[in-house]
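Welcome, and please have your viewer ready. We will go from stop to stop, selecting a few residues each time and looking at what is there.

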Amino acid sequence: MDNFKIDGLTIKEHLLRFSEYGKKEFCMTLNPGVENVLGIRMGDLRYLANRIAKADWKQYLAEADTCYMEERTLQGLVLGSIRLEEDIETYLERVTRFVRIINSWSVCDAFKFAGGKRFIAEHSERLWQYLCHWMTERGEYEVRFGVVMSMKYFVDEEHITPLLSSYGEIHRNEYYVRMAVAWALSECFVKFPQETLSCLKTKISDDFTYRKALQKILESYRVDNATKNMIRSMRRCR
C-alpha cells in the first residue's frame with residue numbers, strides 16, 4: 001500500500017508533515033463529528049495533488065487510503081487535476097468511487113471535474129445526467145455532491161428550470177443536504193431571480209431550507225438593497 005511515493009516519501013508521510021503546521025483544532029470545529037482530521041491547509045493539499053497528477057496518479061488512486069479526512073479530500077483533488085486521457089465513463093467510474101468515500105462537506109465541496117470548461121462543454125449532457133443521479137441517492141454526502149456540483153456547473157439558461165425542479169424535489173432532513181440546497185438556491189437567485197423566487201414560493205416546503213436560502217441571498221454582495229428588502233418581506237412567520 002506504500003509503493004507510491006513522491007520525493008521518497010509516502011503520501012501519508014507528506015500529509016503528516018504538512019499537518020505539523022496546519023490548523024487541526026480549527027478544522028475540527030468546521031467538520032464536527034468527522035474523525036481523524038489533520039487540519040492541513042488546502043493550499044498544501046492542492047500542491048500535493050498537482051504533484052501526484054503529474055506522476056503515476058493511477059497507482060496512487062489504486063493504493064490511496066481513507067484513514068484521514070484529508071486523504072479523502074486529496075483523492076478528489078487529484079481527480080480534478082489530472083490530464084484526461086481516458087473516456088468519460090472510465091473517468092466517472094473513478095469519480096463515483098471518490099463520492100462513495102466522502103465523509104464531510106469539505107471533502108465534497110473541494111472537488112472539481114478535470115478538463116476545465118472544455119470538458120464540461122463536450123460532455124454537458126452526460127455530466128448533467130450524472131449529477132441528477134446523485135441528487136436522488138440515499139447518502140447525505142452523495143446527495144450534497146449532486147447539489148453542489150450541479151450548482152457549480154449548471155446554473156445556466158438551458159438547465160435552470162430542471163435544476164430548480166430537482167432542488168425542489170429533495171426532501172431530506174440531513175443538515176448538510178439542506179444547507180447545500182439553500183446555498184444552491186441562493187446562487188440560482190443571483191442569475192435567475194424570477195425563476196428562483198417561483199421555486200422558493202411553490203416548491204420549498206421545508207422551513208429550514210427556505211429560511212437559510214433567504215439568509216444566503218441577503219448575505220450576497222451580488223444582490224442589491226432593494227431586492228434584499230423584498231427578500232426580507234418573504235420571511236415566513238413561525
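Predicted model: local features only at pLDDT ≥ 70, side-chain atom pairs only at ≥ 80, totals over all residues.

Residues are numbered from 1 along each chain as its sequence is written, and side-chain values use heavy atoms, with hydrogens and water left out.

**Stop 1: two loops**

Select Asp7, in the loop between strand E1 (5-6) and strand E2 (9-10). Helices (H or I, at least four residues) and strands (E, at least two) are DSSP runs, numbered from the N terminus. Is Asp7 buried or exposed? Asp7 is exposed, with a relative accessible area of 59%. On this scale, buried means under 20% relative accessible area, exposed over 50%, and partly exposed in between, using a 1.4 Å probe and protein chains only. The phi angle of Asp7 is near 55°, a positive value in a residue other than glycine.

Next, select Asn36, in the loop between helix H2 (24-30) and helix H3 (42-53). Phi of Asn36 is near 55°, again positive in a residue other than glycine. Asn36 is partly exposed, at 40% relative accessible area.

**Stop 2: helices H5 and H6**

Two packed helices are described by the angle between their axes and the distance between the axes. Show residues 69-81, which form helix H5, and residues 88-99, which form helix H6; they pack at an angle of about 160°, with their axes 10 Å apart. Axes are lines fitted to C-alpha atoms, for helices over the stretch in contact, and angles run from 0 to 180 degrees between N-to-C directions. H5 and H6 are therefore roughly antiparallel to each other, a term for angles over 145 degrees.

Which residues meet here? Arg72, Gln75, Gly76, Leu79 and Gly80 in H5 meet Tyr91, Arg94, Val95 and Phe98 in H6. Contact means heavy atoms within 4.5 Å.

**Stop 3: helices H12 and H13**

Now show helix H12 (residues 175-191) and helix H13 (residues 193-202), whose axes come within 6 Å and cross at roughly 140°. On the H12 side, the contact is made by Leu185, Cys188, Phe189, Val190 and Lys191, and on the H13 side by Pro193, Thr196, Leu197, Cys199 and Leu200.

While H12 is on screen, select Arg178, which lies in this helix. Arg178 is buried, with a relative accessible area of 19%. Not counting residues up to four places away in sequence, Arg178 touches Arg172, Asn173, Asp206, Phe208 and Thr209.

**Stop 4: Ser220**

Go to the loop between helix H14 (207-219) and helix H15 (225-232), where you will find Ser220. Ser220 counts as buried, at 11% relative accessibility. Leaving aside neighbours within four places in sequence, Ser220 is in contact with Val190 and Lys228.

**Stop 5: the cysteines**

How many disulfides does the structure hold? The structure holds 0 disulfides, a disulfide being a pair of cysteine sulfur atoms within 2.5 Å. Select Cys27: the nearest cysteine sulfur, that of Cys67, is 15 Å away. Cys27 counts as buried, at 14% relative accessibility.

Finish at Cys132, whose sulfur is 12 Å from the closest cysteine sulfur, in Cys188, too far for a bond. At 22% relative accessibility, Cys132 counts as partly exposed.

Definitions and conventions: Parallel < 35°, antiparallel > 145°, perpendicular 65-115°, else oblique.
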